[in-house]
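I am opening a notebook page on this structure. My entries below follow the order in which I looked things up.

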Amino acid sequence: MFHKILKSGCKAEDAKLRTAERLANLMAVFCILSWYVLWLTMLNRIAPDTSPKLALTDTEIALLDRLISGASHRRWRPGTLAFCLTKLARLGGYLARASDPPPGNVVIGAVSRDSQIELGAEIAAAGNVGT
């Protein structure tokens, strides 16, 4: 599963880096990201009713609430990890229909997008935009 996330989710083979040092640095980041996606998916499967603060920061939770408004999935209670990860998966294309299984590694891979959104929000809040 880790290898699938690394290869397909991160699209590691699409990197067009020309030096071994740059490729090694990219692969180090991709390995961390792949582990995080795998961990989130497994955590959601074994403890969906746990607090989202176990895996997400307060800023990430607030951003998900702003980006995906309304009921994320009728199956999960608001304030649970499953509820927040369903919102996160919706950023990656998950439809959250009643008949859909819980989101898997592919759509949870939107974590990288969520992190980019969080970083952008922090930069904008700090007033460092355009400097």
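In which helix do W35 and W39 lie, and how many residues apart are they? I was reading a predicted model, and there I found both W35 and W39 in helix α2, four residues apart, which is about one turn of the helix.

**Entry 1: aromatic rings**

I searched the whole structure for aromatic pairs and came away with two. One of them joins W35 and W39, whose ring centres are 5.7 Å apart and whose planes make an angle of 10°, so that the pair counts as stacked, the cut-off being under 30 degrees. Taking the ring pairs together, I noted that they link W35, Y36 and W39 into a cluster.

**Entry 2: the chain as a whole**

I stepped back to the secondary structure, which I read as six helices and zero strands, the elements running α-α-α-α-α-α from the N terminus on. The chain has 131 residues, of which 37% count as buried, and it exposes about 8,100 Å², with carbon and sulfur atoms supplying 58% of that area. For contacts between residues at least 6 apart in sequence, I recorded that 52% join residues at least 24 apart.

**Entry 3: α1 against α2**

I returned to α2, this time to see how helix α1, which covers residues 2-9, packs on it. The angle between the two is about 120°, and their axes lie 9 Å apart. That angle makes α1 oblique to α2, and I noted the crossing as right-handed. On the α1 side I listed F2, I5 and L6. Their partners in α2 are M27, F30, C31, S34, W35, V37 and L38, so W35, a member of the stacked pair, also belongs to this helix contact, given that contact means heavy atoms within 4.5 Å.

**Entry 4: α3 against α4**

Next I took helix α3 (residues 58-67) and helix α4 (residues 81-91), whose axes come within 10 Å and cross at roughly 60°. The two are therefore oblique to each other, and α3 passes α4 in a left-handed crossing. The residues that meet are I61, L64, D65 and L67 from α3, and C84, K87, L88 and L91 from α4.

**Entry 5: N44**

Is N44 buried or exposed? I found a relative accessible area of 6%, and N44 is therefore buried. N44 lies in helix α2, which spans residues 20-46. Setting aside residues up to four places away in sequence, I saw that N44 touches L81, A82, L85 and P103.

**Entry 6: A96**

Where does A96 lie? I placed A96 in the loop between α4 and α5, the latter covering residues 105-108.

Conventions: Residues numbered from 1 in each chain as written. Predicted model: local features only at pLDDT ≥ 70, side-chain atom pairs only at ≥ 80, totals over all residues. Heavy atoms only, no water. Buried < 20%, exposed > 50% of the residue type's maximum accessible area, 1.4 Å probe, protein only. Areas by Shrake-Rupley, 256 points an atom, 1.4 Å probe, with all protein chains shown as cover. Phe/Tyr/Trp six-rings, centres within 6.5 Å; stacked < 30°, edge-to-face > 60°. Axes fitted to C-alpha atoms, helices over the stretch in contact; angles between N-to-C directions. Parallel < 35°, antiparallel > 145°, perpendicular 65-115°, else oblique. Left-handed = near helix turned anticlockwise from the far one by under 90°.
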